[in-house]
Amino acid sequence: MSPPTGDPSAADGGLSLRDIGVRFGGLVALEGVSLQVRPGRVVGVIGPNGAGKTTLFNVVCGFVKPSTGSMTVDGRPFQPRPHRLNADGIARTLQGVGLFDHLTVVENVMAGATNEARTGFFAGLLALPGSDREERRLREFAMELLAELGVAAYARAYPQTLPYAVRKRIAVARALAARPRLMLLDEPAGGLGHDDIQELGALIRGLPARGGLNCAVMLVEHHMDLVMSVCDEINVLDFGRLIAHGTPAEVKANPKVLEAYLGADVEEAAA
Amino acid sequence: MTATEEVENTRTQGATTLARASTVRGGAFGRTLVRHAVYALVAIVVLIVLTSALAGTGNTFLNYQLAMVCAYLCATAGLTFLTGINGQLSLGHGALMATGAYGAALTIRALADRGIEAVWAVFVALLVGVLAALVVGAVIGAAAARLRGPYLAGVTTVIAIVVPAITTTFDGIFKGDQGLSFVTPSPGAVPALLSNEEWQAYLGIGCAVLVMFLLANLISSRFGRQFRAVANDEVAAKLSGINIARTQVLAFVVSAGCAGLGGALMAAITQQAAPGAYSLTLSLYLLMAIVIGGLGSLAGAVWGALLLVALPDLSTRITDSLELSPDLAQKLDGNLALAIFGLFLIIVMIVAPGGIQGLVRRLSGRLSARRRSAGS
Ligand SMILES: Nc1ncnc2c1ncn2[C@@H]1O[C@H](COP(=O)(O)OP(=O)(O)OP(=O)(O)O)[C@@H](O)[C@H]1O
Ligand SMILES: [Mg+2]
């Protein structure tokens, strides 16, 4: 149950956070948070409102610089910068939707593959054949992802015209376009109906096995049914501290967790 | 996953008309280069025909105006690319045009001092004008990449005021308020065949078509997508692997180069570079022109460039027809043009928020829809 304190061996792989602390002025948003996300695992991060979940994601993405602690990816020191994340094998979906409203759906997904685009400035300026070739390849790749998520029919539409659930799938497709080895999902079920959450659960469970990448997933989510059913392990944050870590069953049975949710039933607190 | 797909399939049946998104236009015309080159050639042919037709009227001023439209088009196209597509507001493009104009003017004069008055001197001058604007654009762009919204507008406004002021401060080089004048070399050996104004028009056409061609290429490449993504949502753009600062500086430099070419052309056409022509008002005009034309659209930049020549001309005609005292007429001339522009901007924004090009697109869409329904 206690967070790992020893040196994670490089063979473990994946993302590892050690003793992460974040302060906003006098407010302690995170303190001494250590956790590990191994390849192929679906790791949940839960906690009451304001517990520091999104802040934790922001630390991993380089939007927030921690005042203490360090991170490693596959055993190597990791200093994240947002626009380098995809190159480091990490992709994130945003709380809400976060699509580009002025780009078509397929362009949104193509934008997600920016990291592998190689066309140089002058090739673009002169419309050299290589630029067209790459665009065609990226478009096909994006269409494949959209088809995989069952939203290929909307490829030419603009996101704002589409149902919320469809947009959330497109956001996942855009993240997948970066071919990540670690996916960070920030409240992917937020605003979805029961059926859509069911499908989302299946989708998340399928991510590690997808394309032989052995992708890891870090899931921040308030919807407890979903978290309990898809996660291999769960970390519980409360007031910026990690108060519990374990399998869904272990976490559910942990009195500290129940206390953090104000003594209420865990499933109730989720709603 | 099959169950999911089934659900999705039934859910998306309404959108099957959109399902052909993966089909790519085939044939040679499907290639961006071929498509844009064909458009450029057609534009050149049409404009050459127009130039000779205008020359045929005997009114040489018309070809001078055509050349000026082309010079403005370089700048409006560059600005609509920066502001409409990349989302960076610049009130400093008048100053960038000034940079290009002075770069070109100094080059032509320096070459003339050495006895070089061949036609190629003009091309060298245009090139120097562009390079000067690229350098200034890179400096402003680097600062601009750290600024947003009102701060960016503020800094670029300062640039718009400072650059003309520099020309009056260092009047040893720039000759102060009265500016640099010179004779633009022209292929004058055959003046009977090619008037000076026709030559200017051809020069303008060449430059404007080149700018439109290159910008159209860039916009339809992956860079166009990145420019738009950055304008749309910076956090999402970063998370998509886009380097925001680099993208913004790139857009600013490209846009500055276009404005520089526009300014250099204007200098070559008017045979002078003087600070009065490149005041803050010019920057405002450029901005109004691209909004009226249709922000972010290259075709809209064409409308804007046309208006930049047509509306001041209209205001001159109005003041001329009013038979005012010369003093009042002069005062009115400059301000009336701005007032007409402002009025036009307000009207267009009410009638067509997408600008003239948005209106054109809507009308042509309605027309083709009617034709389709009539055909079936
Ligand atoms: N940029 C910031 N500046 C100041 N305080 C912040 C900032 N970001 C977050 N906080 C504070 O840090 C704490 C943790 O916020 P965080 O957004 O990480 O919580 P969360 O667990 O994601 O909550 P929720 O479930 O509501 O999304 C909160 O008290 C929040 O007000
Ligand atoms: Mg949050």
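**Figure 1. Glu187(A) in the loop between β7 and α6 of chain A.** In this predicted model, Glu187(A) sits in the loop that links β7 (182–186) to α6 (194–206) of chain A. Helices (H or I, at least four residues) and strands (E, at least two) are DSSP runs, numbered from the N terminus. The phi angle of Glu187(A) is near 50°, a positive value in a residue other than glycine. Most residues other than glycine have a negative phi. Glu187(A) has a relative accessible area of 15% and is therefore buried; buried means under 20% relative accessible area, exposed over 50%, and partly exposed in between (1.4 Å probe, protein chains only).

**Figure 2. Ala127(A) in the loop between α3 and α4 of chain A.** The loop that holds Ala127(A) runs between α3 (121–125) and α4 (129–148) of chain A. For Ala127(A), phi is near 50°, a positive value in a residue other than glycine. Ala127(A) counts as buried because its relative accessible area is 3%.

**Figure 3. An open sheet of four strands in chain A.** The strands follow the order β2-β1-β4-β5 (chain A), and their pairing is antiparallel. At the edges are β2 (27–37) and β5 (76–77) of chain A, each of which pairs on one side only. Two strands pair if DSSP finds at least two bridges between them.

**Figure 4. Strands β1 and β4 of chain A.** Strand β1 (residues 15–24) and strand β4 (residues 68–73) of chain A run antiparallel and are joined by five bridges. Ser16(A) stands opposite Thr72(A), which belongs to β4(A).

**Figure 5. Chain B.** Chain B contains 15 helices and two strands. Its C-alpha trace spans about 80 × 50 × 45 Å along the principal axes. Of the 376 residues of chain B, 47% count as buried. Among contacts (heavy atoms within 4.5 Å) in chain B between residues at least 6 apart in sequence, 79% join residues at least 24 apart.

**Note on the model.** Residues are numbered from 1 along each chain as its sequence is written, and chains are lettered from A and ligands numbered from 1 in the order in which they are written. Local features need pLDDT of at least 70, side-chain atom pairs count only at pLDDT 80 or more, and totals for chains, interfaces and linings use all residues, while side-chain values use heavy atoms, with hydrogens and water left out.
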